There are 2 protein chains.
Amino acid sequence: MLRTIGFDGDDTLWHNESLFALSQERFYELLRPYIDGALTAERLFAAEMRNLRLFGYGVKSFMLSMIETAIEVSEGRVTAAEIQTILDIGKGLLDHPVELLDGVRETITALDGRYELLLITKGDLFHQESRIAGSGLGEFFDGIEIVSEKDPATYERILRRRGIPPESFMMVGNSVKSDVLPVIALGARAVHIPYHITWQHEVVATDEAQRAGYWELATIAELVPKLNELVSEESVVGSP
Amino acid sequence: MLRTIGFDGDDTLWHNESLFALSQERFYELLRPYIDGALTAERLFAAEMRNLRLFGYGVKSFMLSMIETAIEVSEGRVTAAEIQTILDIGKGLLDHPVELLDGVRETITALDGRYELLLITKGDLFHQESRIAGSGLGEFFDGIEIVSEKDPATYERILRRRGIPPESFMMVGNSVKSDVLPVIALGARAVHIPYHITWQHEVVATDEAQRAGYWELATIAELVPKLNELVSEESVVGSP
């Protein structure tokens with residue numbers, strides 16, 4: 001029986017990738033005197049992947065990779081004023097008010113008390129804490145886990161530490177790579193709710209068999225009705 | 001009775017501030033064509049404090065504040081090559097092997113099994129996890145807490161969540177501000193082991209009464225003998 005539901009934060013509860021995309025557009029525009037935007041995008045992604053081992057995820061890592069890319073694609077001609085603009089773009093992202101996705105507040109409040117609710121989010125500790133505080137949703141979660149990577153080992157550790165059997169756990173998130181596949185690998189359930197933009201690093205190919213192993217919903221507003229169906233199905237199965 | 005001991009990480013178990021200090025020296029040297037080193041130091045600290053609200057602690061925050069300070073003190077004349085040097089200084093810090101302080105390994109292994117051991121460290125999640133992995137000490141800790149701020153509320157939350165009564169807890173660390181005062185405010189015990197450098201932000205004035213409320217040791221090697229004394233004292237008090 002389902003007892004605990006885990007929610008991802010960025011792009012599941014609140015907007016994130018759309019803000020990054022706007023920042024990236026400003027960055028490409030800034031460097032257009034030096035190089036074509038599409039090439040900048042490619043070089044920025046390469047820098048982010050190269051730096052992931054040292055920097056991890058998050059806005060500060062993104063800022064540092066933008067600065068490094070600006071130096072690289074301008075062949076050392078980028079000006080201090082342009083670097084300052086990059087710092088300002090990043091600070092704008094960090095300081096941006098939290099915007100919940102449609103239906104999030106209603107869904108979380110409807111599930112509060114019916115299930116144990118966890119927030120399991122990846123990224124920068126300090127910034128994720130600010131976002132949780134800014135979301136106004138912190139009080140509804142029985143536990144908050146901010147992790148540096150979302151792989152099966154991470155989920156396994158969280159479930160074990162909290163004494164949650166995988167068969168009673170369901171994860172809800174926008175990333176098949178981070179929120180769905182590692183969770184179903186443990187024998188738990190998962191719900192994929194795509195965001196309209198996915199960061200290139202989070203894109204994975206899935207086959208039909210994998211897609212049969214989890215729910216795919218168009219918006220979070222579909223979650224409560226779908227859980228209600230599940231409850232009535234499981235009670236039918238469980239009745240004598 | 002003492003049952004659980006919490007250890008700080010940076011400058012308590014492994015060297016940190018000495019590496020930051022070397023990086024800062026390189027940074028002041030880099031900007032000497034523009035401004036005197038002492039003034040750069042002052043402006044860098046001001047930038048770090050101004051950015052703390054958005055960036056939090058850690059090396060990536062330090063890198064971003066160095067870049068901002070370089071633009072500021074050079075009045076926009078700092079070159080892309082100099083900014084790249086700042087990025088390289090920061091990457092060197094992130095990539096630096098973990099160096100344990102003298103006596104740490106012996107102390108931790110001696111206490112393993114006698115007390116529940118926690119690691120409670122402040123800073124960047126990703127980098128602190130790398131350091132813990134690099135320290136080779138992870139396996140000795142019954143719990144690891146990476147936090148964004150060390151105040152009484154943080155310690156209170158950790159102790160409550162783990163069911164640890166304050167009177168059975170002792171925190172060991174190099175910062176009076178972060179490891180000692182918030183812990184004794186909760187009625188738990190604390191041990192201060194100064195590191196030879198303290199970051200300006202962690203410096204606090206203490207009066208004699210406060211200093212009477214915790215142990216001050218010269219090195220971590222004094223901890224086990226001091227705990228042995230405590231055990232024999234408490235068992236004398238406890239005997240009929």
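The C-alpha centres of domain 1 of chain A and domain 2 of chain A lie 30 Å apart in this predicted model. The domain assignment, whose bounds come from an automatic or database source, places residues 4-14 + 100-238 of chain A in domain 1 and residues 17-95 in domain 2. Where the two domains touch, 11 residues from domain 1 of chain A and 10 residues from domain 2 of chain A take part, two residues being in contact if their C-beta atoms, placed from the backbone, lie within 7 Å. The side of domain 1 of chain A that touches domain 2 of chain A comprises 3 nonpolar, 5 polar and 3 charged residues; here Ala, Val, Leu, Ile, Met, Phe, Trp, Tyr, Cys and Pro count as nonpolar, Asp, Glu, Lys and Arg as charged, and the others, Gly among them, as polar.

Residues are numbered from 1 along each chain as its sequence is written, while chains are lettered from A and ligands numbered from 1 in the order in which they are written. Because the model is predicted, local features need pLDDT of at least 70 and side-chain atom pairs count only at pLDDT 80 or more, whereas totals for chains, interfaces and linings use all residues.

Chain A contains an open sheet of 6 strands in the order β3-β2-β1-β4-β5-β6, with parallel pairing. Helices (H or I, at least four residues) and strands (E, at least two) are DSSP runs, numbered from the N terminus, and two strands pair if DSSP finds at least two bridges between them. Strands of a sheet pair, in general, through backbone hydrogen bonds, either parallel or antiparallel. The edge strands, each pairing on one side only, are β3 (143-147) and β6 (215-216) of chain A. Strand β2 (residues 116-122) of chain A is joined to β3(A) by 5 bridges, and A:Ile120 stands opposite A:Glu145 in β3(A). Strand β1 (residues 4-7) of chain A has 4 bridges to β2(A), and 4 bridges also join β1(A) to β4 (residues 169-173) of chain A.

The contact between the chains takes 28 residues from chain A and 28 residues from chain B. On the side of chain A that touches chain B, α2 (37-55), α3 (59-73), α4 (80-95) and α6 (125-135) of chain A each supply at least two residues, with the largest share, 8 residues, coming from α4(A). By class, this side of chain A has 15 nonpolar, 6 polar and 7 charged residues.

Helix α3(A) packs against α3 (residues 59-73) of chain B at an angle of about 45°, with the axes 10 Å apart. Axes are lines fitted to C-alpha atoms, for helices over the stretch in contact, and angles run from 0 to 180 degrees between N-to-C directions. The helices α3(A) and α3(B) are therefore oblique to each other, given that angles under 35 degrees count as roughly parallel, over 145 as roughly antiparallel, 65 to 115 as roughly perpendicular and the rest as oblique. Among the residues of α3(A) that meet α3(B) are A:Met63, A:Leu64 and A:Ile67, and the contact of these two helices has 6 nonpolar, 2 polar and 2 charged residues.

Within chain B, the axes of α3(B) and α4 (residues 80-94) come within 10 Å and cross at roughly 160°, and these helices are therefore roughly antiparallel to each other.
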